[in-house]
Amino acid sequence: MTDQAIREQLVRLLDWKEAHVGFDKAVEGIPADRRGARANGFEHSPWDLVEHMRIAQDDILDFCVNAQYVHTMKWPDDYWPGSAPPDTAAWDASIAAFRRSRDRMKALAREVSDLAAPVPTGKSGQTYLRAILLVADHAAYHVGQLVAVRRALGIWQ
C-alpha cells in the first residue's frame, strides 16, 4: 500500500460511515428540547457528548498544528461542558466547529510530510499518525454513546 493510499484511508477513518453511524448522522435531527436531556442510566446528554467531542478534537488539532502549543487544560473539567446548550446557535456552532476541525485533521493526514514524525510540541511517541488515530477513535467511541443516549431518549430513527 502506498503512502498516499494510507493517507486516504486515514481521511476516510476520520468520518467513518461504513462500519457504524458517523458523527453527521448521529447529530442529525436532535430536537432542541432534548439536546440537554439525560436519559436514565446515562451520564451524558447529547450536548455533553457533542461539545466534549469538539473540545477534545480541537485540543488535539491545536497540539498538532500550533508550534507554541502548551497543554493547559485540566481533565476532566475543561473537556466537558458545564451545562445544557444555551440555545440553538450554540448547538449549531459546536457541530460546525467539530466539522471544521475534522476537516483540518483530514488536511493534516493528507499534507504532513511524515505521518510517523513526532509532533513538535509532543513527547516521545506522540506522532501525527497517533494524533489522527486518537481523534478517530475518540469520535467513534462517543458517537456510539450519542446513538445509545438518543435511543434511550426515544429520539433515534
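# Reading helices and salt bridges in a predicted model

Guide: The side chains of R54 and D58 meet in a salt bridge, with 2.9 Å from N to O. Please bear in mind that this structure is a predicted model.

Visitor: Where do R54 and D58 lie, and how many residues apart are they?

Guide: The general idea comes first. An α-helix has 3.6 residues a turn, so residues three or four places apart point the same way. In this structure, R54 and D58 are both part of helix α3, and their spacing of four residues is about one turn of the helix.

Visitor: Is R54 buried or exposed?

Guide: The cut-off is what decides: buried means under 20% relative accessible area. R54 has a relative accessibility of 19% and therefore counts as buried.

Visitor: How many salt bridges does the structure hold?

Guide: The structure holds ten salt bridges. One of them joins the side chains of D3 and R7, at 2.6 Å from N to O. D3 and R7 are four residues apart in helix α1, which covers residues 3-14, so about one helical turn separates them. D3 is partly exposed, with a relative accessible area of 46%, whereas R7 is buried at 4%.

Visitor: Which residue does K25 meet in a salt bridge?

Guide: The side chain of K25 meets that of E28, and the N to O distance is 3.6 Å. K25 has a relative accessible area of 37% and is partly exposed. E28 is also partly exposed, with a value of 45%.

Visitor: What span should helix α4 have?

Guide: Helix α4 covers residues 88-111, and its 24 residues should span 34 Å at 1.5 Å a residue; the C-alpha atoms at its ends are 34 Å apart, which agrees.

Visitor: Which residues of α4 are buried, and against what do they pack?

Guide: The buried residues of α4 include A90, W91, S94, I95, F98, R102, M105 and L108. The buried residues of this helix pack against α1, α2, α3 and α5. A96 lies in helix α4 and is partly exposed, with a relative accessible area of 29%. E111, which also lies in α4, counts as exposed at 62%. Between E111 and W91 there are 20 residues in sequence and 30 Å in space, C-alpha to C-alpha.

Visitor: How do the axes of α3 and α5 cross?

Guide: An angle over 145 degrees counts as roughly antiparallel. The axes of α3 (residues 46-65) and α5 (residues 128-153) come within 9 Å and cross at roughly 175°. The two helices are therefore roughly antiparallel to each other. Their contact includes L49, M53, A56 and I60 of α3, together with L134, H138, V143 and L146 of α5. By class, this contact has 16 nonpolar, five polar and no charged residues.

Visitor: What is found in the loop between α3 and α4?

Guide: P76 is found there. The peptide bond from W75 to P76 is cis, with omega near -5°. S83 also has its place in the loop between α3 and α4.

Visitor: With which residues is S83 in contact?

Guide: Neighbours within four places in sequence are left aside in this reading. S83 is then in contact with W47 and D48. At 47% relative accessibility, S83 counts as partly exposed. For a separation across the structure, consider S83 and I132: 49 residues apart in sequence, they are 29 Å apart in space, C-alpha to C-alpha.

Notes:
Residues numbered from 1 in each chain as written. Predicted model: local features only at pLDDT ≥ 70, side-chain atom pairs only at ≥ 80, totals over all residues. Heavy atoms only, no water. Axes fitted to C-alpha atoms, helices over the stretch in contact; angles between N-to-C directions. Parallel < 35°, antiparallel > 145°, perpendicular 65-115°, else oblique. Contact = heavy atoms within 4.5 Å. Nonpolar A, V, L, I, M, F, W, Y, C, P; charged D, E, K, R; others polar. Salt bridge = Lys/Arg side-chain N within 4 Å of Asp/Glu carboxyl O. Buried < 20%, exposed > 50% of the residue type's maximum accessible area, 1.4 Å probe, protein only. Expected span 1.5 Å × (residues − 1).
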